[in-house]
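Visitor: I have a protein open here and would like to go through it with you. Can we start with one spot and then look at the whole?

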Amino acid sequence: MLVTRLIERKRDGGELTQMEWGQLVTAYGAGEVPDYQMSALLMAVFFRGMAHAETTALMEAMRDSGASLDFSGLAKSRLDKHSTGGVGDKVSLVLAPLVSALGVAVPMMSGRGLGHTGGTLDKLESIPGFRTDLTLDAAKAQVERIGCALIGQTGEIAPVDKRLYALRDATSTVDAIPLIAASIMSKKLAEGLSGLVLDIKRGSGAFLPDFDRGVELARLMIALGEANGCPVVALMTAMDRPLGRACGNVLEVEEAIACLHGEGPPDVMEVTYTLGAEMLVMAGVARGVDEARRRMEVCLSSGKAAEQLARIIEAQGGDASVVDDPARLPQARMVEFYSAPRAGVIARVEPRAIGRGITALGGGRRTMDDRIDATVGFVIRARPGDVVKVGEPIATIFTRDEAGLAAGMAALAEAITIAEEADPPLPLISHRITKDGVAVYESEPWVRTAEYPVYKGFGEQ
Ligand code: URA
């Protein structure tokens with residue numbers, strides 16, 4: 001295999017065969033193809049795209065570059081959820097315990113935050129002692145024993161994807177839909193899933209803000225999953241404002257725990273219940289979404305979902321007492337209100353500015369190797385459409401020092417726009433995408449939920 005020939009063919013708009021993609025991935029995994037040649041090929045793909053057969057071949061070769069979870073002895077369905085990421089998205093922390101408490105096996109693999117978006121692994125690791133670096137054998141044994149394991153991409157799972165993703169990050173070739181779809185699905189299909197639910201974010205704070213590109217990504221991931229015996233359903237959800245109120249690692253764990261105690265913000269609960277209903281129906285645990293929702297509500301109000309989170313934390317070495325006493329989580333040194341600089345209507349709460357603000361406070365990553373301060377972040381009470389008075393506290397900054405406080409104030413001033421009037425935000429859940437096509441998602445029950453429940457968290461008693 002002459003790699004220069006493959007690069008030339010891709011550069012000139014041609015296609016590589018299934019065998020060529022397989023050989024290339026194997027040779028790259030064995031260290032026989034240098035990064036500079038792989039970078040050139042990735043850039044050619046970035047500009048020329050990939051035929052469907054090529055994306056399938058790349059995904060399968062990356063999946064097969066490592067081990068897969070084999071759950072053949074397990075009677076339960078195995079389901080996972082993947083979100084394209086955003087700000088304030090703590091749904092996995094609520095969904096995994098909730099759905100696994102209802103009898104679905106959830107081997108959930110998540111990532112770290114990068115750029116303006118947060119990552120589930122960072123949130124989990126803010127719980128004292130919590131380990132996400134389980135071996136595949138340990139993760140499998142835990143799923144079989146308690147129904148759920150929350151892990152990162154270990155060196156065993158799709159190792160070539162791990163290297164290629166880092167290379168793409170360093171060569172500005174992440175943002176190519178076939179590469180994204182192949183990358184995500186190579187890992188998901190190595191989890192031995194019987195179904196997958198996708199949360200594709202849309203809006204200014206999304207990884208792919210453009211609606212059509214989000215749909216394209218969803219459809220490609222659905223096709224890759226379905227062709228490999230893994231049914232996939234995608235929901236398009238809003239990321240033109242943060243999800244929920246808490247943004248920042250520890251703060252989001254606190255809000256997720258509040259959700260499991262029945263005190264979560266309605267938007268977080270609505271996304272959780274809607275994704276969870278898809279999972280329960282796919283797993284055959286509920287006959288339809290209404291039954292699924294009822295079962296989740298009962299599971300939550302009975303305390304079983306919160307107990308399941310405690311079980312997962314304990315199994316992974318963490319301090320499970322945080323579930324009953326979130327104040328045991330590490331706390332920020334400084335807490336300060338941010339007040340509305342003028343009266344009016346909240347027109348925007350811009351997620352990217354919030355995400356960048358968390359990074360400025362030390363709570364986010366600019367590169368994969370950055371260390372983060374899990375305690376910092378924001379709790380933003382104001383939602384688009386709210387009417388506020390001048391001087392009214394609309395957010396809280398959690399930081400470690402005066403410099404962070406100044407950075408936090410500046411980030412909120414940039415993110416929150418108060419105007420005379422506001423355009424309506426995007427619908428929270430707008431579309432449902434399956435192998436059969438894209439349907440408008442009509443139910444918006446959260447809009448009718450009048451008030452947030454009173455949650456005395458975040459040191460605001
Ligand atoms: N997440 C992944 O795992 N891979 C990508 O390419 C993009 C997001």
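This is a predicted model: local features need pLDDT of at least 70, side-chain atom pairs count only at pLDDT 80 or more; totals for chains, interfaces and linings use all residues.

Visitor: Is Glu350 buried or exposed?

Guide: Glu350 counts as buried, because its relative accessibility is 17% and the cut-off for buried is under 20%.

Visitor: What does Glu350 touch, leaving out residues up to four places away in sequence?

Guide: Glu350 touches Ser204, Gly205 and Ala415.

Visitor: And how far is Glu350 from Thr417?

Guide: From C-alpha to C-alpha, Glu350 and Thr417 are 8.3 Å apart in space. In sequence they are 67 residues apart.

Visitor: Different spot. Where is Lys123?

Guide: Lys123 is part of helix H6, which covers residues 120–125.

Visitor: Buried or exposed?

Guide: Lys123 is buried, as its relative accessible area is 2%.

Visitor: So which residues does Lys123 touch?

Guide: Not counting residues up to four places away in sequence, Lys123 touches Asp89, Lys90, Leu93, Gly118, Asn249, Glu252 and Val253.

Visitor: Now the whole thing. How many helices and strands are there?

Guide: The protein has 16 helices and 14 strands.

Visitor: What about domains?

Guide: The domain assignment gives domain 1 (3–49), domain 2 (79–326) and domain 3 (332–419). Between the C-alpha centres of domain 1 and domain 3 there are 43 Å.

Visitor: What is the radius of gyration, and what would a compact globule have?

Guide: The protein has a radius of gyration of 22 Å. A compact globule with 461 residues would have one near 23 Å, so the two agree. Along the principal axes, the C-alpha trace spans about 65 × 45 × 40 Å.

Visitor: How much of the protein is buried?

Guide: Of the 461 residues, 58% count as buried. The accessible surface is about 18400 Å², and 51% of that belongs to carbon and sulfur atoms.

Visitor: What share of the contacts joins residues at least 24 apart?

Guide: That share is 78%, taken among contacts between residues at least 6 apart in sequence.

How values were computed:
Residues are numbered from 1 along each chain as its sequence is written. Side-chain values use heavy atoms; hydrogens and water are left out. Helices (H or I, at least four residues) and strands (E, at least two) are DSSP runs, numbered from the N terminus. The radius of gyration is taken over C-alpha atoms; the globule rule is 2.2 Å times the number of residues to the power 0.38. Buried means under 20% relative accessible area, exposed over 50%, partly exposed in between (1.4 Å probe, protein chains only). Contact means heavy atoms within 4.5 Å. Accessible areas come from the Shrake-Rupley method with a 1.4 Å probe; for residues, only the protein chains shown count as cover. Domain bounds come from an automatic or database domain assignment.
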